[in-house]
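Hello,

Here is the structure I said I would pass on. Please open it alongside the notes below, which go through it piece by piece.

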Amino acid sequence: MRSAAVFRVMQEEGRALVRNRVAVLAGLILAALVIMATVLSLEQRNAIDSARARYQVASDAQFDAQPDRHPHRMVHYGQFVFRPLSVLAFFDPGVDGFTGNTVFLEGHRQNSANFSEARQSSLLLRFGQLTPAFVLQTLAPLLIIFLAFGTIARERERGTLRLLLAQGLRPGDLIAGKMLGHLAAAALIGLPAGLALLIAAAVGWAPPGASLMLALAYALYLMSWAAGSVLVSALVARGRDALMLLVSVWMILVVLLPRTLPEVAAAQVHVPTRIETDVAIGRELKSIGDSHNPDDPYFSDFKAKVLAKYGVNDVKELPVQWSGLVSIEGERLTSGLFDRYAQEAFAREQQQNDLVRVFGAVSPLISLRQASMTLAGTDTESHQDFLDQVERHRFAFVQALNLMQVQQIPNVNPGPDPRISADNWKTLPAFAYRAPDTLALNADRLILNFLILSLWFVCLAGLTVLAARRLGKVS
Amino acid sequence: MAPLKAELLLLLRSRISALALILLFVLTALAVASGLSAVARQNAVIERVVAAQAIDRKVVEAQYGKPGTEAGNAAYYTFHLTTDPPSSLAFAAIGQRDIQPYVLRVRLLGLQSQLYESETFNPELALPGPFDFAFVLIYLAPLVIVALMHDLITGEREAGRLRLLQSLPPTGGDLWLRRTAIRYGLVLLAMLVPLVVGAMLAGAGRAPVLLFTLVSALYLAVWFGISLAVAARGRSSAGTATALVGCWIALTLLIPAGANAIITRALPVAKSVELTLAQREAVHRSWDIPKDEIFQPFFQKRPEWRDTPPVTGRFHWKWYYAMHEVGDDSVAGDLEAYRTNLAHRQTWTGLLGWITPAAAVQTLVHRLADTDLPAHLAYQDSITAFHDRLRVHLYPYVFNERTFELGDFARLPTYAPRASTQSAPVAPLAGLGALTVLALFAGWLSLRRMRKVSAGA
């Protein structure tokens, strides 16, 4: 008959919550907020994505419409690429507002991703963006706390706790019933957002696997807050103290830790600036070889190899354009360095991020935020994946143009203004972004974050067994 | 003084109150230390970049300082470093300095394709926002005030002392106002001592620090007013705390985030992308059109070069740099539209200060620290002015076909960091002042109402 008792406590708790006008009002306000945030964020995401797609089409069309030119001019005319926004960015835009979303690609230079929203907004943006993720990560725990802080402490204050236990209700059943009631309430709080995710997945708009996991991650997070709140309510003597304690914990885990850790991480590991990197790449390039210097050993060697390959004695006798070949070799060298330096910088950023992520074990918000951004495809790894794809595309299109120079520009007597047909530009493929499989890109970290979130929930729920024992003793 | 001292002892004997005040002091001190560390790091980065730039310049000088070098060639390969060091108050309100570049190199080419380059910064670290004095002031201090104030009256009622207290003859002014004033004084002390120490370490000027403390004091007063208003009406301590945290959520999280969503949609800044695309088109089109089409607008702007010999061949450096300048000028309209929208975004943010004190303080402290969007735009403007100086300095070489020698590198203009644009804008300051008066008045009204009710009972 134990489960019946648990069920009755749970039912009673539900009835009490529904009778509590303030609780119902707060719940409705939060639900309205989630819905509003979802609609706003959805609209915002679609507007951003379609603007980027529009610019991509326009800039590709401009590229194709260029007149007859020397291919090297097109290397510097370059291409613009825009990062398409993942579908689930509506739920959690992650770092997208902070990273640039357009890159200008040209020969022998690696430009930065520019025009992030954060750089073009007033400081208001730093208050947080009104998205489902923000509401669920930051505000929903507070509501859960307010609903649950008095659930047992108040019974104790009123003296009803002693009465209930005297009537033969086991302390364990009481806590289990209260816990289930508040877990259900937490689930209800997350329901509007969960429904938005499920609908998006059901109509085939959002990836179903990631959507489901996103819903699961938030459910674990919210239920951990519910379990923790019931636990504190069972352990602390007065309702008021439980409230103060829980709000303090919320302040430290949700507001304080995520803010203080980045400064620590940034002070520990430094990432070189672009300027330092540019200078270092320039120097390293010089130490490999200088194509402008006729006596340079590296390029003399390169020349000898090319001459041998074509079986001629002088570059003037080559059937292909010599300076084009030098450009291809030069681009190959610089691109190798770009890759290396970019990887080093990203590794350092990851070192910084890891310093923060370790604290996910302390603050479930950090784990949740990480999992949320990963699943939404808006984390730093996804952004880096975009930058990697962009660099590969840059290299391919610059080398394709260099090859056109090699094959189509006469090696000797090209005339004062050699050009090749504009038809060539249309043969170059436009940038085709392939959205990464977010589940595979960060599988390890995703598993770790889910593990931490589950552990939080299981531990907090498990601790109530101890609390029940104490409850029995005290009364 | 005796009742004040007694009240002080009474307050500090409460565990939660003493803990909250100590916590506030420690957090403020940590935030100041963290801000100072961030500023020191930025200065160190600038030093590193200056060193890297010096190395680069040596290499360029060795290669393009050889006798007989074409000036256009030297100008093409010579980068010029600009820096935007943090202001002496930046430590207290880091603002956008964690995401805006504060070092940028430019050269004589079109500025519009160089001005918006980003620097490396870790977006995941920037996402939650910096931990500095401004953050403690705007977000955390109100919660501490809630902890100190939520049971001001209900706590006495719950302890059964309220009737007794209210029946006592008043000693030295109103009891509740006195208790509120003591709490206000302690909160001010806990926050301002670390701030002033930090300001002294950073060498900040007296006037901006005074204004900064004034803004902080007003903001804290708003929260004491709100707390008093709610506390005097509350029936239970838990209920008061809930209502106050609700106010906090609305004023520091919801309204600002909601307003930002609206401003972002209403004032798009897509012009930035459009002007970059247009500038590229203008510069590259120049290779395929008669040179006259470049020189005509160019000579109109810079008539001093009108009488230099015409360009007859395929390429000449003066044509090359003229086309870059004309390319910049061709997007002036887009640029203005872009900057207008950025300015509007800032203006609307300032106006929001009339509704929520958090937005007013956010605007004010970062304007005082010169670390907001207008500060970065001022940096961009100073780069634009420097770039123009560069053009004026180098055009005589290019247009008069003078060669560039080693000694000419030393004569190149150098960028001097912009003067601080720190200011105390009137709109948010007036808004904050009005909100302070309003909140304190609401607190006073609630107290009066409570007294009437209890007198009637």
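Contact, as used below, means heavy atoms within 4.5 Å. By that rule, and leaving aside neighbours within four places in sequence, A:Glu276 is in contact with B:Arg48, B:Val49 and B:Ala52.

Before the rest, a word on what kind of model this is. It is predicted, with an ipTM of 0.92 and a pTM of 0.94. The average pLDDT of chain B is 92, and 98% of the residues there score at least 70. Where pLDDT is low, the predicted coordinates should not be read in detail.

Two glutamates between the chains

A:Glu276 is part of helix H10 of chain A, residues 274-288. Is A:Glu276 buried or exposed? Its relative accessibility is 16%, and the cut-off for buried is under 20%, so A:Glu276 counts as buried. Its side chain makes a polar contact of 2.8 Å with the side chain of A:Thr273. Across to the other chain, the side chain of A:Glu276 makes a polar contact with that of B:Arg48, also listed at 2.8 Å.

The other glutamate, B:Glu119, sits in the loop that runs between strand E3 (103-106) and helix H4 (123-126) of chain B. B:Glu119 is buried too, with a relative accessible area of 13%. Which residues does B:Glu119 contact, leaving aside its neighbours within four places in sequence? From chain A they are A:Thr273, A:Arg274 and A:Ile275, and from chain B they are B:Pro101 and B:Val103. The B:Glu119 side chain comes to 2.8 Å from the backbone nitrogen of A:Arg274. It also makes a polar contact of 3.3 Å with the side chain of B:Thr120.

Strands in chain A

Strand E2 of chain A, residues 102-106, is mostly covered, with five of its five residues buried. On one side these are A:Thr102, A:Phe104 and A:Glu106; on the other they are A:Val103 and A:Leu105. E2(A) runs antiparallel to strand E1 (residues 79-82) of chain A, and four bridges join the two. In this pairing A:Phe80 stands opposite A:Phe104. E2(A) also pairs in the antiparallel sense with strand E3 (residues 109-114) of chain A, again over four bridges. There A:Val103 has A:Ala113 as its bridge partner. E2(A) and E3(A) make a hairpin with two residues between them, and A:His108 in the turn has a positive phi of about 35°.

Helix H11 of chain A

H11(A) covers residues 297-310, which is 14 residues. At 1.5 Å a residue it should span 20 Å, and its end C-alpha atoms are 20 Å apart, so the two agree. Its buried residues are A:Phe299, A:Phe302, A:Val306 and A:Leu307. Seen down the helix axis, these fall within an arc of 135°, so they line one face of H11(A). Helix H12 (322-357) of chain A is included in what covers them. The face turned away from the buried side carries the exposed residues A:Pro297, A:Lys305 and A:Ala308.

At the start of H11(A), a side-chain oxygen of A:Asp296 reaches to within 3.1 Å of the backbone nitrogen of A:Tyr298. Just after the helix, A:Gly311 has a positive phi of about 65°.

Regards

Conventions. Residues numbered from 1 in each chain as written. Chains lettered and ligands numbered in written order. Predicted model: local features only at pLDDT ≥ 70, side-chain atom pairs only at ≥ 80, totals over all residues. Heavy atoms only, no water. Expected span 1.5 Å × (residues − 1). Buried < 20%, exposed > 50% of the residue type's maximum accessible area, 1.4 Å probe, protein only. Arc of directions from axis to C-beta. Polar contact = N/O pair within 3.5 Å; in protein donor to acceptor, adjacent residues only side chain to side chain. pLDDT = per-residue confidence, 0-100. Pairing = 2+ DSSP bridges.
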